[in-house]
Structures are given as C-alpha cells and as structure tokens.
Amino acid sequence: MRSGTLGAGREIRLSGPRTIAVLARGTASTVPGMLPVPEYVDAAGEFARLHRPDGPTGLVVRPEGYLGARFPLTDTAAALSAYLTALSAPV
C-alpha cells in the first residue's frame, strides 16, 4: 500500500486505481458526502500549481506521480477509453 500527502499534510493511502475529487481552493461541497468519491480541498493551491487544470478537468495521475492524461470532465468516458486503449496497444 502506498501513501502520500495532498496539501496541508493530508495523507491518502493507495492500493490500486482510485478516484478522488480535488476541489479548488475556496470551494467545497456544500453537503458533506454529496460526491460519490472522497473529496479533498486544494487549500494551499499545490495541486493546481503542479497540474494547472483549466476548469473542470479530469486527470490520470500515474502511481509514480506523473500525469498520464488530462481531459475536460465533459469528455471523461471517451478520454479514459482512448487512454486505456493506448496503454494496451502493442508497441
């Protein structure tokens, strides 16, 4: 099991692919537990500084921390399908 931190020393433990919501500084879900995935507020702006999202953005962050894919949330299904297909394509 891997672990890491997300701003303000918050620790996340990973044992495989996970989906989380990283909310921009100054925003928060108005109803706790409203999102179907764990949510973290990027209070220090570190995630935004490192990954530079442009509006509602989906990111695939690989286990070693590198960015694997970036896509608008409105295109999530197609983008993830294309990314996973590319990963399994013969070289």
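Read from the N terminus, the elements of the protein follow the order β-β-β-β-α-β-β-α, giving two helices and six strands. Helices (H or I, at least four residues) and strands (E, at least two) are DSSP runs, numbered from the N terminus. The model is predicted: local features need pLDDT of at least 70, side-chain atom pairs count only at pLDDT 80 or more, and totals for chains, interfaces and linings use all residues. Residues are numbered from 1 along each chain as its sequence is written, and side-chain values use heavy atoms, with hydrogens and water left out.

Of the 91 residues in the protein, 19% are buried (under 20% relative accessible area, with exposed meaning over 50% and partly exposed in between; 1.4 Å probe, protein chains only). The protein exposes about 6800 Å², of which carbon and sulfur atoms supply 59%; accessible areas come from the Shrake-Rupley method with a 1.4 Å probe, and for residues only the protein chains shown count as cover. Among contacts (heavy atoms within 4.5 Å) between residues at least 6 apart in sequence, 8% join residues at least 24 apart.

Two salt bridges are present in the structure, a salt bridge being a side-chain nitrogen of Lys or Arg within 4 Å of a carboxyl oxygen of Asp or Glu. One joins the side chains of arginine 49 and glutamate 46, at 3.0 Å from N to O. These residues lie three apart in helix α1 (residues 46–51), a separation of about one helical turn. Arginine 49 is partly exposed at 49% relative accessibility, and glutamate 46 is partly exposed at 33%. The side chains of arginine 62 and glutamate 64 also form a salt bridge, with an N to O distance of 2.4 Å. Here arginine 62 is partly exposed, with 37% relative accessibility, and glutamate 64 is partly exposed, with 43%.
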